Amino acid sequence: MFPKSEWPRSVRVNGHLMLNGEKMSKSTGNTLSLRESCDRYGADATRLTLADSGDGIEDANFEEVMANAAVLNLYTLMEWITEAQKALQQLEISPEQAVKVGDIALRPTSSPLTTVDKIFNAEMDALTIASGADYKKTMYRDALKNGLYEFIKSREWYVNVTVDTGMHPELLRKYITRQVIQLCPITPHWAEHIWKTVMSNPDSIMDARWPTDLPSDPDYVTIAIGDYIRKVVKSARDTEAALQRRTKKTEHSHNSNTSKTLDIFVAQEFPKWQEEVIAVLKTGYDSANEKFDKKKILAELSTSGALQNKKVMPFAQKMQQHVGQFSVKALHRAVEFSETSVLSDIQNYLKSTLGYTAVNVVNLARCVSLDPKQAKAAESAVPGKPSFLIYSH
C-alpha cells in the first residue's frame with residue numbers, strides 16, 4: 001500500500017491500562033475517561049500520571065492517588081520556582097550582594113564554584129542527558145524519573161548543603177531552565193505558564209530547544225564525589241546511632257548543652273591482606289564466562305597462608321558478590337579524587353548537618369601519632385570509606 005520509505009520504522013507494543021491496580025471494566029464501574037480525568041485533576045496532572053503509569057508491554061497502572069499527588073507536586077514546584085525567580089531578580093539589582101528570599105539563599109554572582117556547586121552541575125548534566133535519551137526511546141516513565149524526580153532530589157540536596165553559604169545564581173538559573181524544558185513534553189501547559197509568566201520569556205516554551213550546552217559524557221568523577229559525601233553523612237549518623245545504642249543514652253545526642261566532636265579518618269591505602277585477596281580474585285576470574293574459579297581461589301589463599309586471617313574469606317566472598325552486582329570493575333577500587341580535600345571543603349556543612357561543634361579530617365598517611373581511641377577507630381578506614389570517632393566534651 002505504501003512505498004518502503006514510508007513503512008513504520010518501529011513497532012511499539014503496550015499492555016492494558018489498569019485503574020488503581022485493577023482492570024478497567026464498565027461492568028464493575030472501574031472506569032475513568034480522559035475527559036473525566038482532565039476535569040478532576042487537570043490535563044497536565046493527567047498526562048504526568050499517565051507517563052508515570054508504565055512503559056513497554058507491562059500493564060500501565062493509572063493511580064488516582066498519584067494523580068492527586070501530581071497536582072500538589074506541580075503546584076509546589078511552581079511555587080518554589082516562583083520564589084527562586086524573585087531571588088534572582090533581586091540579585092540582578094545588587095549582583096555582588098548575597099540575597100535571601102524565603103527559603104532561597106543566593107551567593108554573589110561573581111563567587112567561584114565550590115566542590116558542592118560542581119557536584120550539582122555535574123548531576124544536572126547527567127540527568128538531562130539521561131532524560132533526553134529516555135524521550136528518544138519514548139520511555140516516558142524513565143524520562144519522568146530522571147527529568148523530574150531525580151532532578152528535584154539533586155536540587156533539594158544542593159539547597160540543603162548550601163543553606164549557610166547560599167546557592168550559586170548561575171546554577172539556579174540553569175536548574176530552572178532545565179527543569180521546565182525537561183517537563184514540557186509531559187506537562188506543556190504548566191511549562192508554558194512557568195516559561196512566560198514566571199520566567200518572563202517573550203517566546204513560547206514551544207520555541208525552546210533541548211539544552212545544547214551538555215558535555216559529551218557525564219562527569220562521573222564529580223558525581224562520585226557527590227555520592228561519597230552523601231555516604232559519609234549517612235555513615236557518620238549510623239556511627240553515632242550505634243554509639244547511642246551501646247551506651248543506652250539516646251537522649252545524649254539531643255542535649256543542646258553537650259559539645260560533640262567528630263574525627264574522620266581517611267586512609268590512602270588498603271590493608272595489605274585485602275590487596276593480596278584482590279590480586280588472587282583477579283587471577284581467579286574468568287572474564288570469558290564472567291565467573292570466578294572458586295577452587296583455584298581457595299587453593300591460592302590456602303597456599304599463601306592468608307586463610308589464617310579470619311577476615312579473609314568473608315572479604316573474598318563479599319568482593320565476589322560485588323562483582324556479580326557491579327561487574328569486574330568492583331575489583332578496581334582506586335578512588336579517583338582526594339578524600340581529604342573533599343572533606344575539608346565541606347567541614348562547615350558536616351558540622352551544621354550533623355550537629356558537631358568541630359569536625360576534624362585526619363589523613364592517616366600524614367598523621368604522626370594517634371591516641372589509643374583514635375588508633376582503634378582508624379583501623380577500619382579504607383580508601384573511599386573513612387572511619388569515625390565521636391566524643392563529647
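This is a predicted model: local features need pLDDT of at least 70, side-chain atom pairs count only at pLDDT 80 or more; totals for chains, interfaces and linings use all residues.
Residues are numbered from 1 along each chain as its sequence is written, and side-chain values use heavy atoms, with hydrogens and water left out.

**The whole chain**

Of the 393 residues in the protein chain, 42% are buried; buried means under 20% relative accessible area, exposed means over 50%, and partly exposed is in between, with a 1.4 Å probe and protein chains only. Among contacts (heavy atoms within 4.5 Å) between residues at least 6 apart in sequence, 69% join residues at least 24 apart.

Select Met1, Phe2 and Trp7 next: they form a nonpolar patch on the surface, with about 480 Å² of accessible area together. Patches are made of residues with over 30% relative accessible area and no salt bridge, like charges being joined within 9 Å and nonpolar side chains (Val, Leu, Ile, Met, Phe, Trp, Tyr) within 5 Å; a salt bridge is a side-chain nitrogen of Lys or Arg within 4 Å of a carboxyl oxygen of Asp or Glu. Met1 is found in the segment before strand E1 (17-19) and is exposed, with a relative accessible area of 94%.

**Two loops with positive phi**

Move on to Asn20, in the loop between E1 and strand E2 (22-23), which has a positive phi of about 55 degrees although it is not a glycine and counts as partly exposed at 31% relative accessibility. Then select Glu290, in the loop between strand E7 (285-286) and strand E8 (291-292); Glu290 likewise is not a glycine but has a positive phi of about 55 degrees, and it is exposed, with a relative accessible area of 61%.

The loop between helix H6 (169-183) and helix H7 (188-198) holds Thr187, which is buried at a relative accessible area of 0%. Leaving aside neighbours within four places in sequence, Thr187 is in contact with Asp44, Leu48 and Leu74. Ile93, in helix H3 (residues 64-93), is exposed, with a relative accessible area of 69%.

**Helix H13**

Finish with helix H13 (residues 347-354), where Tyr349, Leu350 and Leu354 are buried. They lie on the same side of H13, because they cover an arc of only 105 degrees around the axis, the arc being that of the directions from the helix axis to the C-beta atoms. To see what covers the buried residues of H13, display elements including helix H5 (140-161), helix H8 (220-247), strand E6 (260-266), helix H12 (339-345) and strand E9 (358-363). Just after H13, Gly355 takes a positive phi of about 80 degrees.

Technical notes:
Accessible areas come from the Shrake-Rupley method with a 1.4 Å probe; for residues, only the protein chains shown count as cover. Helices (H or I, at least four residues) and strands (E, at least two) are DSSP runs, numbered from the N terminus.
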